[in-house]
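Please consider the protein shown below. The account that follows leads through its confidence, its domains, its core and some details of its backbone.

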Amino acid sequence: MNESTKIIREDRCPGTTYTDMLEADTRTPPDYLFEETVAEMPTDPLPIAPYISEEFAALEREKMWPNVWLFAAREDEMPETGDTVVFDLNEKSFLLVRQKDGSVKAFYNVCLHRGRKLRTKAGNTTQLICPFHGFAWKNDGSLKDIPCSWDFTHLDDKDMSLPEVRVELWQGFVMITENPDLPDFKTWLGPAASHYEKYDFENRYTGMWVAKRIDANWKATAEAFMEAWHSVTTHPQLLPFLGDANTRYDHIGDHFNRAITPSGVLSPHLKGKDQQYVLDKMNEFSGGSDGETNRRFAAGSMDESLDPDDPMLARKVLAEASRKGFTEQYGRDYSEASDTELLDNFTYNIFPNFSPWIGYLPTLVYRWLPGDTPDWCVMEIRLLFPVKEGEERPRAVERTYIPDDEPFAWANDKMGEQLANVFDQDMANLPFVQEGMKSSANGVMELGAYQDSRVRHFQTTLMKYIDGELPAKS
Ligand code: FES
Ligand SMILES: [Fe+2]
């Protein structure tokens with residue numbers, strides 16, 4: 001351990017911890033929420049160059065992106081045989097095709113004749129035909145037809161099947177990798193893969209999906225969602241019902257880290273407010289009881305039999321309201337669902353650019369896609385909704401691309417006004433993070449030992465790829 005190394009656990013914000021809240025839960029939360037990582041992390045500054053340098057972006061393209069598992073699509077985007085999805089990342093394009101047997105194949109989205117992209121849009125098809133000269137492949141990637149075949153007799157004995165990349169279906173997510181030697185996705189991810197199992201993610205569907213260009217590096221943008229402690233200055237309207245300073249930060253293995261931020265509690269930054277205040281503010285944020293379709297939280301009201309001095313009272317009331325509300329809405333049994341799984345913010349990140357939350361709430365899923373310079377990226381936000389018991393999973397909604405000069409509020413009708421506002425508040429920082437970094441006198445940034453620990457963990461893993469320590473050779 002060098003001099004600048006500390007046990008980050010000692011640096012916790014004073015006050016109630018998330019684990020204390022788990023102990024006070026009205027149900028027994030799953031073990032994996034109790035597990036805290038006590039990681040030893042250095043506290044030395046991190047370099048800014050990876051966020052602003054073209055050379056570093058080229059290293060990421062060479063050493064990292066082809067060597068990780070990537071979230072390419074949701075299965076609900078391509079439920080039927082012959083459905084396709086085009087997944088573009090950096091300068092590469094992948095074509096995902098649903099097969100007759102229900103599996104998904106992924107091909108490099110390029111014609112083997114003179115290199116045109118085979119498809120540019122999602123859609124259903126019975127063959128993969130190139131719009132340039134008409135080379136055609138079956139949906140399983142085997143060659144179907146070469147026009148003017150007399151001119152290609154030299155290819156007669158050659159395998160002209162479309163080259164594939166690896167695919168795994170996990171919890172309704174279509175994961176791909178170009179690296180043939182990586183372990184299977186669940187092994188690669190580690191224990192967090194099992195955290196999704198009880199929430200039936202396979203049967204969820206994309207009910208809200210927006211994307212927007214952000215004028216900041218993809219890593220700076222992703223990192224703005226790895227900690228809750230910017231809430232006190234960036235999202236002050238959340239403090240009446242958000243335990244920002246109670247947040248737990250964990251990192252498990254190289255490819256996973258999480259923040260768990262409790263809802264339905266007064267922020268430790270606010271004092272002298274009672275539980276009714278917390279409840280009123282949370283109800284206001286969640287849209288009251290007006291039945292707005294994208295409302296993530298159920299509205300609750302105080303019962304006089306409850307102890308008004310219980311600091312967890314609002315949580316209990318809100319969780320119980322959600323148990324009832326979700327049961328009505330989705331026809332499933334939530335009686336054993338713990339308060340935390342009904343209320344809290346599980347910002348789970350899977351390296352490098354994928355953040356699928358867990359829990360019983362309609363869950364947020366983020367994905368960050370790098371731009372063609374280090375100075376911008378696209379951020380996508382989805383909400384995955386449970387399917388009503390006995391009903392078929394609906395197809396994913398189409399992605400709505402918010403015009404570059406419009407805020408997230410432009411999509412208020414899809415996201416809900418309160419949620420869109422939170423993202424706009426984040427975006428009010430990000431372009432200025434990118435600009436500010438370029439003015440840095442010393443070329444480094446200083447991180448909080450605990451609350452910024454996920455940023456450090458993420459950067460540490462990234463550097464392992466750049467330095468060739470990862471992917472591990474099998
Ligand atoms: S480039 Fe595809 S058929 Fe010519
Ligand atoms: Fe934020």
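The average pLDDT of the protein is 93, and 95% of the residues score at least 70. Two stretches call for caution. Residues 1-9 have a pLDDT below 50, and this stretch has 18 contacts in the model beyond near neighbours in sequence. Residues 288-294 also have a pLDDT below 50, with nine such contacts in the model. Where pLDDT is low, the predicted coordinates should not be read in detail.

The domain assignment divides the protein into domain 1 (5-50 + 191-466) and domain 2 (69-178). The C-alpha centres of domain 1 and domain 2 are 35 Å apart. Contact between them involves 14 residues of domain 1 and ten residues of domain 2. On the side of domain 1 that touches domain 2, the elements giving two or more residues are strand 14 (205-214), strand 18 (354-356) and strand 19 (363-370). Strand 19 gives the most, with three residues. By class, this side of domain 1 has eight nonpolar, one polar and five charged residues.

The largest nonpolar core has 116 residues, of which Ala72, Phe94, Leu96, Ala106 and Met175 touch the most other members. Helix 9 (residues 313-330) supplies the largest share of this core, seven residues. Because domain 1 and domain 2 both give residues to this core, it lies between them. Leu96 illustrates the packing: leaving aside residues up to four places away in sequence, Leu96 touches Ala72, Ala73, Met78, Thr84, Val85, Phe87, Val104, Ala106 and Val174.

The peptide bond from Phe351 to Pro352 is cis, with omega near 0°. Pro352 lies in the loop between strand 17 (345-350) and strand 18. A cis peptide bond also leads from Leu470 to Pro471, again with omega near 0°, and Pro471 is found in the segment after helix 14 (453-466).

For Cys148, a residue other than glycine, phi is near 50°. Cys148 belongs to the loop between strand 11 (143-145) and strand 12 (164-170). This residue is exposed, because 8 other C-beta atoms lie within 10 Å and a residue with 12 or fewer counts as exposed. Gln171 is not a glycine either, and its phi is about 55°. Gln171 sits in the loop between strand 12 and strand 13 (173-177). With 22 C-beta neighbours inside 10 Å, Gln171 is buried, since the cut-off for a buried residue is 20 or more.

Key. Residues are numbered from 1 along each chain as its sequence is written. Chains are lettered from A and ligands numbered from 1 in the order in which they are written. This is a predicted model: local features need pLDDT of at least 70, side-chain atom pairs count only at pLDDT 80 or more; totals for chains, interfaces and linings use all residues. A nonpolar core is a set of buried Ala, Val, Leu, Ile, Met, Phe, Trp, Tyr and Cys residues joined through C-beta atoms within 7 Å. Helices (H or I, at least four residues) and strands (E, at least two) are DSSP runs, numbered from the N terminus. Domain bounds come from an automatic or database domain assignment. Two residues are in contact if their C-beta atoms, placed from the backbone, lie within 7 Å. pLDDT is the predictor's confidence in each residue, from 0 to 100. Ala, Val, Leu, Ile, Met, Phe, Trp, Tyr, Cys and Pro count as nonpolar, Asp, Glu, Lys and Arg as charged, and the others, Gly among them, as polar.
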